[in-house]
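This report covers helix packing and strand order. The sequence and structure come first.

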Amino acid sequence: MNAIPTYRDQVAEAGLKAALAKDRPGIISELSASGLKGRGGAGFPTAVKWNFAAAAQAARKFIICNADEGEPGTFKDRVILMEYPDLVFEGMTIAGKAVGAKEGILFLRGEYAYLRGPLETSLARRRERGLLGQDILGSGLEFDIRVFMGAGAYVCGEETALIECLEGFRGEPRNRPPFPADTGYLGMPSVVNNVETLAWVSCILANGGAWFRSVGTEKSTGRKIFSVSGDCLRPGIYEFPLGVSVAELLKQVGGEDAKAVQVGGASGHCVAAKDFHRTIAYEDVPTGGSIIVFGPNRDMLEVVENFLEFFVDESCGQCTPCRLGNRKLLEGVEMLRAGRCSMTYLKELCALGETMELASKCGLGQSSPTAFLSVVENFRDEIMGRTVAQV
Amino acid sequence: MLMTERERMSAEIAALAERLGRERTSLVPMLLEIKRKYHRLNSFALQAIADALGIHPVEVHSVVSFYAFLGDHPQGRFVIRLCRTISCAMQGKERVRRQLENDLGIRFGETTADGSYTLEYANCMGMCDQGPALLVNDRLFTRVTPEKVHEILQECRSVFGVHAAEAKEVQLT
């Protein structure tokens with residue numbers, strides 16, 4: 001596994017101590033100066049989210065850490081929770097102070113149940129050391145965190161679906177607005193942040209917003225943790241500044257001969273070799289951290305088929321474009337694999353994909369056709385007119 | 001005095017409701033706990049949980065049917081979940097699948113007749129750099145090869161035989 005220098009060099013609780021010395025607007029302005037955007041993939045500015053929740057008036061507020069890492073090819077949150085859980089809990093505590101929340105919930109996906117024990121142990125240790133509880137480090141700040149187990153649903157990574165699950169309902173995304181920062185868990189203002197975002201918060205408070213901004217691009221500041229898998233020599237966890245080109249990343253992981261790279265998991269873009277000069281950033285090719293490398297011999301249709309099977313399985317079934325659209329796309333891919341798809345029908349499928357992007361209720365349906373569309377665009381010679389021998 | 005399984009389950013559900021709070025927010029944790037202990041959520045369990053939380057059993061069923069780790073189908077004591085998503089698929093998940101089916105004599109989605117093993121698929125379980133990966137209950141196995149399948153099953157059997165102590169089983173679940 002590659003070194004994670006900035007995380008390793010982080011002094012324990014430095015961020016929390018810095019945050020305790022500041023007032024609430026002071027913390028948010030530091031975060032705002034850093035330009036930190038949500039590391040789960042959607043890229044919403046964290047400071048703006050916190051500001052909404054901080055401004056809301058309510059009896060209770062919640063800080064929710066989204067550890068429902070389900071995007072295919074993503075495992076950075078697992079590694080952060082295994083090796084740096086304190087950074088995440090510290091970030092949640094800082095968020096608690098900034099927003100005025102006393103309760104934190106870590107939503108851990110069911111597949112990561114084996115992490116629960118170690119996480120509970122670190123929480124207990126933090127309580128003993130006065131880093132959680134009634135009076136944190138003698139500052140009068142009150143905050144505590146509990147772990148809530150998910151039950152195996154990809155869609156619960158969507159923040160409103162996650163809240164539905166916490167409340168004991170089916171994980172079906174809600175209409176937004178109202179946003180969780182205003183009406184979230186139990187109707188109270190809730191901040192839902194990704195694991196990595198919260199870990200970065202601790203680093204930013206310790207080292208300052210300017211430090212974070214010093215790398216990355218204008219719109220995508222700072223560094224990002226990447227989970228690299230697939231046909232490369234050195235899969236694993238990497239840290240790069242945002243704005244890194246796909247080619248540079250491939251060089252580091254030993255995947256120079258790739259014919260395509262899936263950036264952002266099943267719901268992300270499939271970048272073909274001719275576009276390897278493109279950069280990984282919110283304004284170019286965005287990602288929640290997932291990088292899957294496809295070597296020269298991969299069948300791209302098989303890849304898309306796997307993605308669409310995933311979406312058919314994980315669609316919550318609430319809205320029609322996503323529930324039926326993914327099924328139709330999957331059938332289309334099966335036809336392409338059998339060499340029975342006409343050009344007219346392929347165009348229809350692309351139009352369906354575009355409709356899904358526009359008409360689906362949540363991010364799942366809006367992004368599920370992306371991989372299909374980019375493969376159709378980039379690998380048309382490979383997918384059309386197949387004979388059975390190729391299947 | 002003999003205690004039927006129903007009575008035992010009712011008592012357990014009442015205790016859980018007491019501990020977690022008789023609120024809707026306790027529903028998912030309660031269901032996970034009962035499923036873990038009893039390997040199924042039958043209509044009796046759904047009714048008892050609904051009563052404990054003061055909601056209609058249909059509400060409970062709507063939640064049970066939604067989540068992959070719940071569901072009202074009975075499962076074996078060892079639920080084997082093989083990751084079927086892209087990175088594991090690229091690293092040879094198909095051969096592991098075949099070997100699991102061969103060794104257990106069941107297909108995916110089925111449970112062995114003795115109620116020991118269930119084979120299921122899971123979507124990406126976040127072990128993409130160390131695939132193929134599978135979970136046996138909460139325990140994780142990575143870089144599984146068809147050959148290793150036998151070892152994994154053997155390990156399950158060793159804690160599952162008639163002479164195995166309860167304490168030994170705890171390690172695996």
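The sections below take the sheet of chain A, then a helix pair in each chain.

## Basis

The model is predicted.

## Sheet in chain A

Chain A holds an open sheet of 5 strands with mixed pairing, ordered S3-S4-S2-S1-S5. The edges are taken by strand S3 (133-136) and strand S5 (190-194); each has a single partner strand, so one side of each is left without a neighbour in the sheet. From one strand to the next, the twist averages 25°.

Within chain A, strand S2 (residues 103-108) and strand S4 (residues 141-149) run parallel and are joined by 6 bridges. A:Leu106 stands opposite A:Val147 of S4(A).

## Helices H6 and H9 of chain A

Helix H6 (residues 85-99) of chain A packs on helix H9 (residues 195-207) of chain A at an angle of about 75°, the axes being 7 Å apart. H6(A) and H9(A) are therefore roughly perpendicular to each other.

On the H6(A) side the contact involves A:Leu87, A:Val88, A:Glu90, A:Gly91, A:Met92, A:Ile94 and A:Ala95, which meet A:Val195, A:Leu198, A:Ala199, A:Val201, A:Ser202 and A:Leu205 of H9(A). Sorted by class, this contact has 10 nonpolar, 2 polar and 1 charged residues.

## Helices H1 and H2 of chain B

In chain B, the axes of helix H1 (residues 5-20) and helix H2 (residues 27-38) cross at roughly 145° and come within 10 Å. The crossing of H1(B) past H2(B) is right-handed.

H1(B) contributes B:Met9, B:Ile13, B:Leu16, B:Ala17 and B:Leu20 to the contact, and H2(B) contributes B:Pro29, B:Met30, B:Glu33, B:Ile34 and B:Tyr38. The contact of H1(B) with H2(B) has 9 nonpolar, no polar and 1 charged residues.

Methods. Residues numbered from 1 in each chain as written. Chains lettered and ligands numbered in written order. Predicted model: local features only at pLDDT ≥ 70, side-chain atom pairs only at ≥ 80, totals over all residues. Axes fitted to C-alpha atoms, helices over the stretch in contact; angles between N-to-C directions. Helix = DSSP H or I, 4+ residues; strand = E, 2+ residues; numbered from the N terminus. Parallel < 35°, antiparallel > 145°, perpendicular 65-115°, else oblique. Contact = placed C-beta atoms within 7 Å. Nonpolar A, V, L, I, M, F, W, Y, C, P; charged D, E, K, R; others polar. Pairing = 2+ DSSP bridges. Left-handed = near helix turned anticlockwise from the far one by under 90°.
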